[in-house]
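I opened this structure to look up a few things. My notes follow the order of my checks.

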Amino acid sequence: MAGNRTGKSRTAAGETTAHGTGQYPKWWDGRRFSEPIRMWCGSESNEASREIIQRALLGPEGSHGTGWLPKKSIFKVTYRQAGVSEVVDTIYVRHISGGLSTITLKTYEQEREKWGGVPLDVCWLDEEPDMGIFTEALTRLLDRKGILMMTFTPLKGPTEVVRHFLEAKPGSGIYVKNVSWDDAPHLDKDEKTRLWSSYPDYERDARAKGTPMLGSGAVFPVADSSISCEPFAIPDHFYRINGMDFGIDHPGAGAFLAIDRDSGTIYVYDVYKISGHTPVYHAAAMKKHGDWIPCAWPHDGFVREPGSGTPLKDLYRAQGLRMLSDF
């Protein structure tokens with residue numbers, strides 16, 4: 001998960017070549033394949049497949065063998081009709097064991113079903129797919145105990161796929177390496193400064209540091225650093241309120257706000273979200289900052305609990321939450 005132009009695709013192309021040919025550097029201590037592999041490489045579009053993965057592995061069209069794959073290792077290259085010229089479908093690569101590895105180039109534009117049905121040894125996803133394609137790619141590796149690698153700049157924000165990596169538990173077999181412009185000595189210092197100044201504030205951390213962007217659906221498209229501060233003890237004269245959601249067929253949630261009336265600043269100092277629990281559990285969790293804090297609630301608080309017929313807002317009030325008198 002890296003910034004732009006840091007060399008992430010080039011690095012993955014190098015590993016692809018090692019697995020496909022069976023020729024590993026002496027220092028390599030990762031997974032090794034002693035027999036030919038079946039591999040898929042995913043790109044966002046046919047154009048991206050041709051200009052990034054295809055060029056990295058083969059070199060420019062008409063100059064195959066000038067990319068990562070040595071010319072002597074390339075047995076055959078096939079193409080597909082994709083509405084874009086010279087788009088490679090499959091590269092057949094000579095493996096040192098004597099057989100042929102197959103490296104097939106695919107795109108996220110293809111339907112999810114096109115990503116099913118075939119067992120794989122390796123899958124490389126260049127840039128971020130949606131969760132449906134990601135899980136299909138992952139499933140292809142089950143039979144052969146294969147490996148998946150993904151190289152991307154997190155411009156879509158903290159998506160399901162991003163959280164899959166960032167929230168992974170130790171021992172899960174999931175590894176994340178972050179790479180920023182500071183880790184890329186091949187990038188020109190003055191050019192980095194110029195580009196940093198040219199990007200919108202909310203894109204800078206993603207493009208330069210490889211940290212998830214707020215995303216196109218953000219309410220406020222600004223950098224986190226411009227709206228956040230270090231934690232501090234909330235003064236007694238600040239107003240407090242909790243905005244809550246009951247979680248009927250979705251997670252129960254709360255957003256805790258402190259309001260400085262003197263400066264007009266509103267601080268969101270805590271949030272709560274969890275699925276599959278009752279009002280008793282949610283209410284107990286929301287009282288952690290004090291049962292005196294008023295709770296603003298949505299109109300579905302009038303929905304009655306099936307067992308008792310009691311409105312949801314009254315169930316929470318009965319558990320000691322200070323519910324506002326109106327929604």
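Which cysteine sulfur is closest to that of Cys123, and how far away is it? I found the sulfur of Cys41, at 7.4 Å, which is too far for a bond. A search of the whole structure gives zero disulfides (pairs of cysteine sulfur atoms within 2.5 Å).

I noted the ground rules next. This is a predicted model, where local features need pLDDT of at least 70 and side-chain atom pairs count only at pLDDT 80 or more, while totals for chains, interfaces and linings use all residues. Residues are numbered from 1 along each chain as its sequence is written, and side-chain values use heavy atoms, with hydrogens and water left out.

I then checked burial. Buried means under 20% relative accessible area, exposed over 50%, and partly exposed in between (1.4 Å probe, protein chains only). Cys123 is buried, at 0%. Cys295 is buried too, at 2%. Leu166 is partly exposed, at 48%.

I moved on to strand S8, residues 252-260. Strands are DSSP runs of E with at least two residues, numbered from the N terminus. Two strands pair if DSSP finds at least two bridges between them. S8 runs antiparallel to S7 (residues 239-245), with seven bridges. Here Arg240 has Ala258 as its bridge partner. S8 also pairs with S9 (residues 265-274), antiparallel, over nine bridges. There Asp260 partners Thr265. S8 and S9 form a hairpin with four residues between them. In its turn, Gly264 has a positive phi of about 80°.

Last, I looked at the faces of S8. Its covered face includes Phe256 and Ala258. Its uncovered face includes Leu257 and Ile259. In a regular strand, side chains alternate between the two faces of the sheet.
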